[in-house]
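Please consult the sequence and the model shown below while reading.

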Amino acid sequence: MTTPKPRGDTNAALTELKRVLGDRLSTAPAVCQQHGKDQTWNPGLPPDAVAFARSTAEVAAVVKICAGHDVPVIAYGTGTSLEGHFAAVAGGVCIDLSQMDRIIAVNPEDLDCRVEAGVTRKTLNGHLRDQGLFFPIDPGADASLGGMAATRASGTNAVRYGTMRDNVLGLTVVMADGSIIETGGRARKSSAGYDLTRLFVGSEGTLGIITEVGLRLSGIPEAVSAGVCPFPTVRACAEATIQTIQLGLPVARIELLDADYVQAVNAYSKLDLAAVPTLFVEFHGSPAGVAEQAETFNAIAADLGGGPFVWATKEEDRARLWQARHDAFWAAKALRPGMEVVISDVCVPISRLADCIEETRADMAAHEIFAPLVGHVGDGNFHLIMFFREGDAAGLATLKAAYDRLIRRAIAMGGTATGEHGVGLGKRGYLDLEHGEALQVMRRVKQALDPGNLLNPGKNAGP
């Protein structure tokens with residue numbers, strides 16, 4: 001990692017910020033620590049101060065003051081990211097956007113809405129429910145929508161509804177000099193100018209700070225059918241997924257848990273599933289369409305030795321099932337209390353999914369690594385969670401070597417180092433392998449928009 005430029009006059013910046021924010025500027029060690037460390041092995045690096053902003057104008061004021069004193073700025077939503085995205089590698093000021101939590105407008109006729117960056121996905125869906133609408137992107141955590149846009153998040157519904165890239169219509173962004181721009185709009189298509197919205201979606205706060213998000217909404221489906229289907233092997237689960245996608249079956253969710261992960265969610269979420277490789281599946285549509293899709297999936301599963309398929313017929317049972325899936329990270333951590341984790345999120349073309357999973361599991365077994373596997377396999381994305389004890393340098397080195405092999409394996413199969421968690425600090429070292437000369441173009445974009453390297457320095461494709 002290139003060392004970020006030295007920070008400027010932080011004390012002078014904090015003096016000015018205190019006049020603007022008053023008690024909403026904190027230098028308390030506990031607050032700074034909380035805003036510098038995620039839930040994984042990535043090192044915790046606290047900022048010098050945390051600014052709690054309540055409007056786009058306040059974010060712009062904070063950025064302008066920090067730019068004037070050459071002080072780095074890091075955006076923070078709810079702190080649920082997993083790749084060291086908000087570690088303050090050069091100190092500076094963290095802007096906490098959680099108090100920017102207004103739902104600005106909902107346009108049900110046009111299936112869109114606009115929210116401030118601190119609104120979380122659960123809050124938005126609670127607001128939309130009575131209007132027959134929902135926002136489908138659902139990472140496991142109750143993340144902020146600004147953070148989800150910044151990391152190009154996805155989740156269990158991505159196989160049907162896409163990722164944040166597909167569901168963000170426009171943004172309000174504060175640039176490195178404190179200026180404010182609007183990107184995109186509410187029209188469903190446009191050929192006017194560069195697509196700046198897509199440039200900022202996934203930029204992880206390195207090109208600008210997202211303060212408002214315009215979102216595409218979906219109608220709550222007329223019928224929903226969900227359930228679990230056990231299989232004899234993980235490869236059989238992967239093959240069933242491949243056949244389902246290649247047949248064009250419009251599955252809404254298809255999630256894989258290996259036997260270790262099933263045991264984890266059983267214990268954590270009080271389920272009673274058979275401790276074998278299992279697919280969680282859901283279909284959306286009309287009652288007739290959902291029934292036909294489920295019947296087709298049943299046939300695919302049976303041909304591969306899977307079944308019986310157990311349906312969750314009541315809404316509360318479906319909610320419990322998917323909440324258990326969303327809590328899978330915490331369920332895995334509960335298997336090894338007190339231990340640190342290394343977590344992966346590679347993604348490969350669907351045709352290579354079974355091969356990548358099988359080779360990875362063989363690698364873990366050969367090195368005696370306990371690594372429960374879970375994945376959004378409908379789009380070729382899966383995760384491993386590997387455990388080590390804090391201070392165990394040899395154990396961490398073993399896991400990092402396996403992690404490195406996994407990422408290189410995925411890229412060699414035409415995949416990516418990160419399907420949804422993002423680059424942050426943790427995946428920077430793999431961008432050159434994945435993108436080659438295109439990485440230099442990304443760095444020129446960063447230089448053009450943030451010449452002082454003040455926005456979340458040391459992350460993503462920045463210097």
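## Thr 163

Thr 163 is buried, at a relative accessible area of 19%; buried denotes under 20% relative accessible area, with a 1.4 Å probe and protein chains only. The residue sits in the loop that joins helix 6 (158-161) to helix 7 (164-167), where helices are DSSP runs of H or I with at least four residues, numbered from the N terminus. With neighbours within four places in sequence set aside, Thr 163 is in contact with Ile 137, Arg 152, Ala 153, Ser 154 and Ala 158 (contact: heavy atoms within 4.5 Å).

## Basis of the values

The model is predicted: local features need pLDDT of at least 70 and side-chain atom pairs count only at pLDDT 80 or more, whereas totals for chains, interfaces and linings use all residues. Residues are numbered from 1 along each chain as its sequence is written, and side-chain values use heavy atoms, with hydrogens and water left out.

## Helix 14

Helix 14 comprises 14 residues, 353-366. Its buried residues are Leu 353, Ala 354, Cys 356, Ile 357, Thr 360, Asp 363 and Met 364.

Helix 14 is followed by Glu 368, which has a positive phi, near 55°.

How values were computed
Helices (H or I, at least four residues) and strands (E, at least two) are DSSP runs, numbered from the N terminus. Buried means under 20% relative accessible area, exposed over 50%, partly exposed in between (1.4 Å probe, protein chains only). The expected span of a helix is 1.5 Å times one less than its number of residues.
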